[in-house]
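Open the model in your viewer and keep the selection tool at hand. The stops below say what to select and what is there.

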Amino acid sequence: MSGGERDRVSTAAWSALRADVRGELCVRGEPSYEARRAALSWNARVPARHPAAILRVADADEVACAVRWAREHGLRVAVRSGGHSWCGASVRDEALVLDLGALCTIEVDVEARVARVGPAVENLALAVELASHGLAFPVGHCPSVAVGGYLLSGGFGWNSGVFGPACARVRSLEIVDARGEQVHVDAQREPELYWAARGAGAGFFGVATRFELELAPLPRAIHSLALSFPREAVHALEPEVEALLARRSAALELTLLAFPARSARELQLLAVAFADSEREAQELLAPLAPLVARAAHVEAAQAMSFASLLQGLGALFPAGRRHGVDVLYSERTAGALWSAVATALRAAPSPHALGMVVPAPPLDPGAPLADMALSLFAPSFVGLYGQWEHARDDAENLAWLDAQRAAFRASTCGHYVGETDLYAERTRAQRCFTPEAFERLRALRERWDPRGVFAGFPLSADAKR
Ligand SMILES: Cc1cc2nc3c(=O)[nH]c(=O)nc-3n(C[C@H](O)[C@H](O)[C@H](O)COP(=O)(O)OP(=O)(O)OC[C@H]3O[C@@H](n4cnc5c(N)ncnc54)[C@H](O)[C@@H]3O)c2cc1C
């Protein structure tokens, strides 16, 4: 245990917390601490930050009890639902980390088309359960990501073009606030917390112990096309990609991928059509015809499920690897960015690295976005996903990521709080919001958590560390 918290929290105080909860408490210095600390992070490159203790809570009452205890003993609280934050946002120095892994129930009300889910529910489990009732939700793209951090960050998942960002479908939440009180939050009751919980991500000043989600009917025909191209083709493809973007429907989700020089793959365009009939799915995919004609390899799949989509994309991010990731928004169009990402990936030291460009879906101008903390949008999203196997390769892979951040700086107009590296620069959290939204978040944090009980954004000027 480090000097600071050893002095602040007595052994008797830890014992009192242990006696009050059924969940497992592990204090720094205990034999299982290092394993428990490492298990907080899905990324095998576990941050070199050391919480004072990790408490795996059994239920929402224990969350409330632990928040009150931490407040009384002057410890900050960090929260982990599934540990998928690329930058390990829940692993905070000298904090009490609340591990919500046990809060993973799913209840579906088929009639009302709502689901009530715990924060540790994983995308795949949710998608499978909903599909069994003919229902769907914009779950994130990979199977094991938990909904807790995903929904609080905004959540851009499968079929976001039609379903919208996931947080816009959060109807209500159960929150434990900085006083340790359990609060029901929706548009009428505690609208300030409701606003913040939909997009604040790691800057949220409460613990979400349950989400009520508005569901959609399951699209009955999901078809996909995966087109592969040689790396040199990327410039020539730009006009066709732009033409496709101009013609496509919101129900056609496009992802442009680039792989490193040392990988067997080169460039891939993944198109997924979410439709209700075979015919409609084929019509959605029809604008891809000029690109299909130029592809070196075409893989078409029909009768897909959300589960198979999740498993397919998840295979690109297997568990157990070390990750150095950053993502950015750009005003540039996806066709031009694909070339830039392909160039970046050519220099990647690891064969497992991945570059991604996702064009924003065409928005319905008649459907204004909800007022919520998720406030920054742009025509294109770029993801730079460094993935490698060994700690000895950290420096080389992180240097590659730094070089790419610099190369993309002029094209960057902001970041997505759910996937960006919040430790990359002091103002990074701020750059994930419009200035108005960031200021509102700051003011709400001051009001709801004046003593800085919750760890808040890493490095942000307003985070009480
Ligand atoms: C393989 C992979 C694929 C991904 N794909 C997508 C994608 O398709 N779309 C997308 O939008 N994002 C995606 N992400 C990003 C992901 O949504 C975020 O990393 C999200 O934070 C993960 O949720 P988590 O609960 O595992 O986060 P954790 O790492 O557990 O938490 C991250 C932070 O969120 C806050 N937090 C988490 N849970 C709570 C809670 N219950 N109450 C209060 N605060 C909480 C805390 O501040 C915490 O530090 C992906 C990440 C990975 C690793």
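Select histidine 84 and the ligand: a backbone N or O atom of histidine 84 lies 2.9 Å from an oxygen atom of the ligand. A polar contact here is a pair of N or O atoms within 3.5 Å; within protein, one must be able to donate a hydrogen and the other to accept it, and residues adjacent in sequence count only if both atoms are side-chain atoms. This is a predicted model, in which local features need pLDDT of at least 70 and side-chain atom pairs count only at pLDDT 80 or more, while totals for chains, interfaces and linings use all residues. Residues are numbered from 1 along each chain as its sequence is written, and side-chain values use heavy atoms, with hydrogens and water left out.

Which residues come nearest to the ligand? Of the 32 residues around it, they are Ser81, Gly83, His141, Phe156 and Tyr416 (near means that a heavy atom of the residue lies within 4 Å).

Next, select helix H2 (residues 11–20) and helix H4 (residues 60–72), with axes that come within 10 Å and cross at roughly 165 degrees. Helices are DSSP runs of H or I with at least four residues, numbered from the N terminus. Axes are lines fitted to C-alpha atoms over the stretch in contact, and angles run from 0 to 180 degrees between N-to-C directions. H2 and H4 are therefore roughly antiparallel (an angle over 145 degrees). Show the side chains: Ala13, Trp14, Leu17 and Asp20 of H2 meet Cys65, Ala66 and Trp69 of H4 (contact means heavy atoms within 4.5 Å).

Move on to helix H5 (residues 123–131) and helix H12 (residues 306–314), which pack at about 160 degrees with their axes 9 Å apart. That angle makes H5 roughly antiparallel to H12. On H5, pick Asn123, Leu124, Ala127 and Val128; their partners on H12 are Phe306, Ala307, Leu310 and Gln311.

Last, select helix H13 (residues 334–346) and helix H14 (residues 394–408), whose axes come within 11 Å and cross at roughly 155 degrees. H13 is thus roughly antiparallel to H14. Leu337, Ala340, Val341, Ala344 and Leu345 of H13 meet Trp400, Gln404 and Phe408 of H14.

Terms used:
Helices (H or I, at least four residues) and strands (E, at least two) are DSSP runs, numbered from the N terminus. Angles under 35 degrees count as roughly parallel, over 145 as roughly antiparallel, 65 to 115 as roughly perpendicular and the rest as oblique.
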